[in-house]
Structures are given as C-alpha cells and as structure tokens.
Amino acid sequence: MTRKWWHDVVVYQIYPRSFMDSNGDGVGDLKGIISKLDYLKDLGIGAIWLSPINKSPNVDNGYDISDYYDIMDDFGTISDMRTLVDEMHSRNIKLIMDLVLNHTSDEHYWFKEAKKGRNNKYRDYYIWRDKPNEIESNFGGSAWEYDKYSNQYYFHLHDKRQPDLNWENPLLRKDIEKMINFWLDFGVDGFRFDVIDLIGKEVDNLITKNGPKLHEYLQELNRNTFGKRDVLTVGETWGATPEIAMLYSNPNRNELNMVFQFEVISLDKKEGGHKWDLAPLDFMKFKKSFSKWQTCLYGKGWNSIFGNNHDLPRMVSRWGNDKEYRVESAKMLATMLHMQMGTPYIYQGEEIGMTNVKFDSIDDYNDIECLTMYKERMQQGYNIEEIMNSIYVKGRDNARTPMQWSSGKNASFTEGIPWLKINENYKEINVEQALNDKDSIYYYYKDLINLRKKYDAIKYGEFKLILEENKEVFAYTRTYKNEQLLVICNFYEDTTEIIVPREFLGKDYSILISNYKEKTSLEEKIKLRPYESIVYKL
Ligand code: NOJ
C-alpha cells in the first residue's frame with residue numbers, strides 16, 4: 001500500500017461553537033481555537049477536522065450554509081481563518097474543512113434566487129416538483145415544503161430551511177468545484193463531506209442514499225478539484241456497507257480516501273426503528289461489525305475509526321461506564337479503537353472523558369433534530385419521560401455542551417453566558433485536572449497517538465478477531481511482517497477470566513499500553529479487571 005500522511009495521523013474534531021470563546025459572547029470562535037493550538041499540538045494530533053465555519057443562519061449549527069466563501073459572524077472573519085490556517089501549519093497540523101454539499105441554507109443566494117420563479121437561472125439548483133411524494137426528512141415529517149409563490153414543492157432531507165441541491169444540474173456542479181478549488185488554494189488540507197451519500201438521489205424513484213450517479217459525481221469532483229492535491233477526503237455515509245465503502249475508498253477509483261460508516265453506531269436501536277427507539281447494545285454484533293470492516297477493507301480501502309462526533313452521544317456514557325469506571329472504561333474504549341487499522345478521529349473532550357449531559361427541561365436543549373422529535377412525539381402522545389430519556393441517551397447536545405477547560409467559571413469556556421449549558425460535572429472533569437494528573441485519560445490518548453506513529457503493525461497490520469465467542473471481551477491481533485500485537489479489552493465492569501490461545505504463549509513480549517498500573521502478564525489464564533485493556537507486542 002502506498003503510504004499516505006493520514007496513515008499515521010490522528011485527527012481531532014472541533015465543533016467550533018463549543019470549543020473556546022475568545023470574545024465573551026458565549027459562542028466559541030476561530031480566535032478561541034487559535035489560543036488552544038498548543039494544547040492540541042501537545043496531545044500529538046496531526047490534523048483538525050473543523051465542523052462548518054461558513055456563513056450560516058445556524059438552523060442546524062452551520063450545517064446550513066448561506067455563503068461558502070465567507071465565515072460565520074459568530075466565529076470571526078476570513079482573516080481569522082487565514083491566521084488559523086497559518087498558525088496550524090506552523091505547528092505542522094493540517095486542516096480538514098467540513099463541506100456541506102447536499103444542501104444549503106434557505107438563505108443562500110442560490111435559493112433566494114430560485115424562489116423567485118420557475119424561470120430563474122438558479123431554479124434548477126434545487127429540486128422542485130408539482131406534487132410531493134412519500135419521502136420523509138431525516139429530521140422527521142415530509143421531505144417536501146410547499147412554496148406558495150410558484151405553487152411547487154421543494155425537497156429537503158433535513159430541516160425545511162436546508163433545501164437539497166440538485167446534483168443533476170451540471171451548472172451547480174461547476175459552482176461547487178469552483179468553491180472547493182477556492183478553499184484548496186486557501187491552503188486547507190482536506191475535506192469532510194457531509195452526508196455525501198445523498199447527492200446522487202433520484203427523488204422520483206424514491207432513491208435518497210447511494211443513488212446511481214453518486215460515484216460518477218464523486219469521480220468528476222475528484223478529477224476537477226482535490227484529486228490533483230495531497231489532501232485527505234472523508235465522506236459521511238450512513239448508508240455504506242463494506243462493499244460500498246470500497247467503491248469510495250479504493251485508490252484506483254479516484255473518489256475519496258475513506259468514509260465514516262455507522263454500522264456499529266446504529267446497533268443500539270430497535271430493529272427497523274429510529275435512533276430514538278432505544279435497545280441495548282448487542283456486544284456480539286458490535287465485535288463482529290468492527291471485525292468485518294477491518295477485514296473487508298484490508299488492502300482494498302481505508303477505514304476511519306471513531307466512537308464520537310458532534311452527532312453522537314459521548315462514547316464513555318454510551319459504551320463505557322461514566323460513573324465509577326469512567327477513567328478505566330474511557331481508556332479501554334480508546335484502546336479498542338486506536339489499535340485498529342484506519343485513521344482515528346478524536347472528538348473534542350473525548351481525550352478528557354467528557355460525558356453525556358442531562359438537562360431537566362427541553363428548553364435547555366438547542367439541537368434542531370431533538371427539538372423536532374420532541375414536538376412530533378409529544379403530538380403523537382408519547383410519554384414525556386420516554387422522550388426525555390431517549391434525548392438523554394442519544395441526543396446530539398450530549399456532544400455539544402461546551403468544552404470543559406477548567407473548574408473555574410463556565411469551565412473557562414467563556415467569560416459570557418454559554419450558548420448551551422455546561423455539563424455540571426466540569427468541576428471534576430476538565431483539561432486542567434487532566435493535565436495535572438499523569439494517569440489521566442488525556443495522557444493515555446497521547447500515548448496511543450504516539451504508538452501509531454511508531455508501529456507499522458498499528459498502521460498496516462492485518463486484523464484478526466480472536467476469542468470470537470467471548471461475550472465480555474473484545475480481543476484481536478494485528479500482524480505486519482514480524483510485528484504482532486495482541487489487543488485485549490474487557491468491555492464490562494465485572495472481572496472476567498480468559499484462556500489465551502496457545503500460539504501467543506511462550507514468546508518474548510512487551511506491553512505497549514495498559515489502563516491499569518499493575519500490569520497483567522501474558523499467561524495461559526488471564527484475569528481481567530473491570531474494563532481492563534492491554535496491548536502486548538509479541
Ligand atoms: C450530518 C451532520 O453531521 C449533522 O450535524 C447535520 O445535521 C446533517 N448532516 C445535515 O447537514
């Protein structure tokens with residue numbers, strides 16, 4: 001496999017609204033990010049994925065862009081963006097920009113023009129029909145909105161203020177290319193493409209994800225924009241199977257470098273239900289899913305590895321134990337992910353083990369998706385406790401509460417009133433505390449990041465699931481030439497015993513990392529403590 005810079009780099013995702021506020025207006029901004037670059041450099045990350053910073057009325061916190069060439073007022077100016085990119089580059093940190101190409105804001109010039117009438121030059125940049133069909137929006141309700149003026153409906157797979165772009169229109173595609181080239185010339189080092197698997201939709205055939213022309217559009221985009229540069233491209237693809245992911249990420253097809261796939265993320269919901277219809281995690285499926293992705297793409301594509309992002313609940317609350325074993329389980333989950341093949345993504349606050357939040361009132365929530373669901377389910381007669389519980393478990397604001405920098409006022413996120421309440425556990429869980437404790441989750445992540453740089457087995461080793469039928473332990477090997485790693489993670493709070501397969505015994509070994517001070521030696525029978533994880537190098 002040709003070596004690429006993103007093979008040993010860990011990416012750190014910043015949700016700018018919640019990261020660091022520099023001017024006391026309660027909203028994070030670009031200058032705030034600049035002030036924390038040394039912190040990120042010390043952590044060891046090699047790139048930052050910045051959630052959208054373009055101009056936006058913030059219906060969906062920036063995922064509704066009204067001007068692709070400008071910066072959101074809350075976040076600063078294009079000159080702040082220049083400084084940010086330069087400051088990052090001087091620290092050898094690359095910038096991955098988040099681009100929303102499936103839809104714009106209804107305040108985008110194109111849409112404002114399109115609304116002027118059927119003959120407008122930009123009408124066909126969006127999708128209009130005389131009659132709606134049964135396609136539903138991902139945020140709930142019909143995907144069609146009636147426009148009185150032209151007596152037609154326009155299509156939106158998210159909020160009605162996020163109209164979908166019509167990728168069948170070559171003029172639209174040219175304008176998108178122009179904009180991407182503008183940002184490449186500006187100096188960005190890559191893109192995360194929001195819900196990219198939706199751009200090939202054929203609404204009349206009821207096709208939204210993975211439309212017939214999706215890959216053709218991506219190849220065209222690649223050819224005319226980023227394909228000529230050494231940049232990282234990652235697509236958000238909720239509908240990807242490993243076979244589909246290979247289409248995107250096979251280097252010979254000239255599309256993207258990798259995708260975010262959500263198979264594992266979707267396991268704790270009722271079959272056929274919505275994400276809000278909760279079900280316990282099926283651990284056996286969880287292990288098998290990771291293993292499938294690791295093995296299918298080996299040598300044929302590239303994975304992205306993550307358990308958190310701005311749309312997901314906090315991993316330590318979801319899959320770990322955010323009470324008595326918060327530190328152990330956060331480290332175990334990080335080990336389980338970071339020893340896999342692919343590019344790992346850390347979401348802000350994950351490196352200090354930030355947890356989910358529980359606000360008493362729906363009025364304290366901001367996220368459009370959760371507010372829409374609340375309204376809809378209240379009307380449908382759901383029980384309010386059930387609704388609130390699903391928000392506590394799955395709501396996107398779990399990830400969006402401000403970054404906890406210290407135990408001081410507003411967790412030192414802002415001098416003003418934070419746009420979203422801070423998780424009240426900031427007094428115990430914060431960066432200052434983590435930096436002062438050499439056994440903190442933060443230093444553990446730092447070690448994991450360094451290990452990836454050092455060992456080819458972590459970057460390129462073949463993955464093999466072992467102890468497949470074990471219902472408590474996630475264990476696998478990574479093998480590259482004569483380097484072999486044995487990764488063992490106890491996923492639960494009970495102590496458990498495993499029998500180590502013979503092939504790993506009787507050899508010289510060292511321990512690369514472990515989340516308990518007293519190290520467990522590699523023997524035929526190993527007793528694993530709660531959430532214990534350990535990586536042996538054989
Ligand atoms: C996926 C983004 O990650 C999410 O935050 C957003 O709401 C939707 N796409 C719509 O852009």
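## The pocket and its ligand

Start with the ligand's spot: the space that the ligand takes up is the largest pocket. Keep in mind that we're looking at a predicted model here.

Around the ligand sits a shell of 13 residues, and the closest of them are Asp60, His103, Asp194, His310 and Asp311. Sort that shell by class and you get seven charged residues, three polar ones and three nonpolar ones.

Asp311 has a side-chain N or O atom 2.4 Å from an oxygen atom of the ligand. For His310, the distance from a polar side-chain atom to a ligand oxygen comes out at 2.8 Å. His103 also puts a polar side-chain atom by a ligand oxygen, this time at 2.9 Å.

How much of the ligand does the protein bury? On its own the ligand would expose 290 Å², and 97% of that is buried by the protein.

## Where this sits in the chain

Zooming out, the chain splits into four pieces: domain 1 (8–89 + 303–454), domain 2 (109–155), domain 3 (171–302) and domain 4 (458–537). Note that domain 1 comes in two stretches of sequence, 8–89 and 303–454.

Terms used
Residues numbered from 1 in each chain as written. Predicted model: local features only at pLDDT ≥ 70, side-chain atom pairs only at ≥ 80, totals over all residues. Heavy atoms only, no water. Near = heavy atom within 4 Å. Polar contact = N/O pair within 3.5 Å; in protein donor to acceptor, adjacent residues only side chain to side chain. Areas by Shrake-Rupley, 256 points an atom, 1.4 Å probe, with all protein chains shown as cover. 1 Å grid on protein atoms, 1.4 Å probe; cavity = no way out; pocket = protein on both sides within 12 Å on 5 of 7 lines; lining within 4 Å. Sits in = over half its atoms within 2 Å of the grid points. Nonpolar A, V, L, I, M, F, W, Y, C, P; charged D, E, K, R; others polar. Domains from an automatic or database assignment.
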